[in-house]
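These are my notebook entries on a structure that I looked up piece by piece. The sequence and the structure come first, and my entries follow.

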Amino acid sequence: MLKSEALNVEKVRADFPILNRKVHGKRLVYLDNAATTQKPNVVIDTLVDYYSRYNANAHRSVHTLGEEATAAFEGARKTVSRFVGASSPEELIFVKGTTDATNLVRFAWAEKNVKRGDTIVTTLMEHHSNIVPWQLVAKKKGAEVKYVGLNKDGTLKMDEFEDAIRESPALVAVTQCSNVLGTINDVARICRLAHEAGAVSLVDGAQSAPHMPVDISKLGTDFFAFSAHKMMGPTGIGALYGRKSLLEGMDPFEGGGDMIKEVHTSGATWNDLPYKFEAGTSNIAGAIGFGSAANYLSEIGMDKVRRHEVELLEYALENLSKVKGMTIYGPEDADQRGGVLSFNLSDVHPHDLATILDERGIAIRSGHHCAQPLMEWLEVPATSRASFYVYNSFDDVDSLKEGLEKANEMFGA
Amino acid sequence: MSSAEIYKEIILDYYRHPRNYGKLEKTDGSARETNPLCGDDVEIQFSVADGKFGEIRYSGKGCAISQASTSMLTELAKGKQVEWVKELSKEDVFKMLGNPELGPARVKCALLGMKALKVAAYGYLGSKFEENNGSDS
Ligand SMILES: Cc1ncc(COP(=O)(O)O)c(C=O)c1O
């Protein structure tokens, strides 16, 4: 059996109780990591520990439990901000996830700063959460959204991008890694060019932060959005990094408890960063679990996580492309893409394929992946997608390949 | 449950060899239904003779389950009274497909054709009703 050179997969797998589960009597082969990831014991235990030992509201109560909960919550903020290289924890706002983060920027920054006639630059490979908020802003403010196109191999047309930023856009919003093509964009360069053109930049890190080393201080982005559940953490929690100078100039968009300094009947003053953007009781357990997930990943080492996924990708690209009728989308070079593999198999519809694979215990995603503009560009209604994480093995790729061959056989290809 | 149980030979057969696929020049009723989740898309068209389905065709694209069940439905409907769709039930469709063990996500695929047929047939029956009663109401 082939072994990963980057890390000991068997040891990692032992940390994930769900991987012992059988599905339709078969070993679970979980290849839907771009949708959400499985949770290691430490994250699960962290949640149980919080609820069974020190459950209390953060920032409000001075009793022991309250102080412990606040310390753990703020500790998680430090951990997560360090994980992505934010310069200070006050720049890290806890939100529900990536979608919530882009919408926070929409309401608290874009609605105030995007003016009639402005442009917002995004790309054809974005997830809907990095398209729809900007369409809504554009509609409300009389601005225009521009979509940078793609080369045949699924990489960004940088010349088109450079043309687009000549018009001094208000905002440039780009994903670091496509959840369909796997394409990794050079967001450091994109942000630099955006800034030179006077634009504010936002990077969708939903598929990058979980899978590769990310250092916001080097990327130079103004905003960076990511979700805990895609990096072994709980659902319902994520983070928005925002550059302090920008966050300071923004008004909160939700009013309530925690986000104020003083409230009088005549009005209120805003709390300090990041609390000004965290109205109401936060997802405290989620945040603590998020921190625990970030710690777990750091212990493995993000460079190892990335190297392991590149090994899997190389193996998958080589072996799956041999299956009859396979069309694989995105860059051919594993070094240029994240561990996401979208494909179509002869005339087997992705939903049929997903059902056939499910019966073999293999979980993949089928559909438009919340990226319909990209589906239009690919000229397909849907694709199948296998996406990897550190606990996936070469065996998982072999199982997928067998499943694909079985589907071919059933459909008579 | 194995694949063979969901993908009954009959489903695969109709998917590979669609019956009544295409479009009609003249129609008395038609409807199109889509399932955005899957991208399934079917259109049913028919003509009516003596209150019965005459020519009936479907077109579209999508997964094997949606396409096969629509194709089979057109065969089932042909020659029957248009009124018959009122009795047509989910269970009839499942039975026609060989009672595969479909999860909730795939049930929608199986029933897409039935939805299109019902919408088309009710549209036809409604317009007939108006023709017969509309002028003096
Ligand atoms: C690239 C990308 N951006 C944004 C999102 C949205 O993340 P969430 O659903 O956690 O808000 C996803 C997840 O589907 C994604 O893959």
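In which loop of chain A is K152(A) found? I located K152(A) in the loop between strand 6 (144-148) and helix 6 (158-165) of chain A. Here helices (H or I, at least four residues) and strands (E, at least two) are DSSP runs, numbered from the N terminus.

**Entry on the model and its conventions**

I noted that this is a predicted model, in which local features need pLDDT of at least 70 and side-chain atom pairs count only at pLDDT 80 or more, while totals for chains, interfaces and linings use all residues. Residues are numbered from 1 along each chain as its sequence is written, chains are lettered from A and ligands numbered from 1 in the order in which they are written, and side-chain values use heavy atoms, with hydrogens and water left out.

**Entry on K152(A)**

Is K152(A) buried or exposed? I recorded K152(A) as exposed, with a relative accessible area of 85%. The terms are set as follows: buried means under 20% relative accessible area, exposed over 50%, and partly exposed in between (1.4 Å probe, protein chains only). I then looked up I93(A), which is 59 residues from K152(A) in sequence and 37 Å from it in space, C-alpha to C-alpha.

**Entry on chain A as a whole**

I listed 14 helices and 17 strands for chain A. Its C-alpha trace spans about 75 × 55 × 30 Å along the principal axes. For 413 residues, a compact globule would have a radius of gyration near 22 Å, and the 22 Å of chain A agrees with this. The radius of gyration is taken over C-alpha atoms, and the globule rule is 2.2 Å times the number of residues to the power 0.38. Of the 413 residues in chain A, 59% count as buried.

**Entry on backbone details in chain A**

I looked at two histidines with positive phi. For H24(A), phi is near 50°, a positive value in a residue other than glycine. H24(A) lies in the loop between strand 1 (22-23) and strand 2 (26-27) of chain A, and H24(A) is partly exposed, with a relative accessible area of 33%. H369(A) is not a glycine either, yet has a positive phi of about 55°. I found H369(A) in the loop between strand 16 (365-367) and helix 13 (372-378) of chain A; H369(A) counts as buried, at 1% relative accessibility.

Helix 13 of chain A also holds W377(A), which counts as partly exposed at 28% relative accessibility. W377(A) and G154(A) are 223 residues apart along the chain, and their C-alpha atoms are separated by 9.9 Å.

Which peptide bond is cis? I noted the bond from L273(A) to P274(A), with omega near -5°. P274(A) is placed in the loop between strand 12 (267-270) and helix 10 (284-300) of chain A.

**Entry on the ligand**

Which residues surround the ligand? I listed T98(A), T99(A), H127(A), S129(A), N179(A), D204(A), A206(A), Q207(A), S227(A), H229(A) and K230(A). A residue is near a molecule if one of its heavy atoms lies within 4 Å of it. By class, this shell has one nonpolar, eight polar and two charged residues. Ala, Val, Leu, Ile, Met, Phe, Trp, Tyr, Cys and Pro count as nonpolar, Asp, Glu, Lys and Arg as charged, and the others, Gly among them, as polar.

The protein covers 85% of the 400 Å² of accessible area that the ligand has on its own (Shrake-Rupley method, 1.4 Å probe).

**Entry on chain B**

I counted five helices and three strands in chain B, in the pattern α-α-β-β-β-α-α-α along the sequence. The radius of gyration of chain B is 15 Å, close to the 14 Å that the globule rule gives for 137 residues, so chain B is as compact as a globular protein of that length. Of the 137 residues in chain B, 48% are buried.

In helix 2 (residues 9-16) of chain B, the residues I11(B), L12(B), Y14(B) and Y15(B) are buried. Seen down the helix axis, the buried residues fall within an arc of 165°, so they line one face of helix 2 of chain B. The arc is that of the directions from the helix axis to the C-beta atoms.
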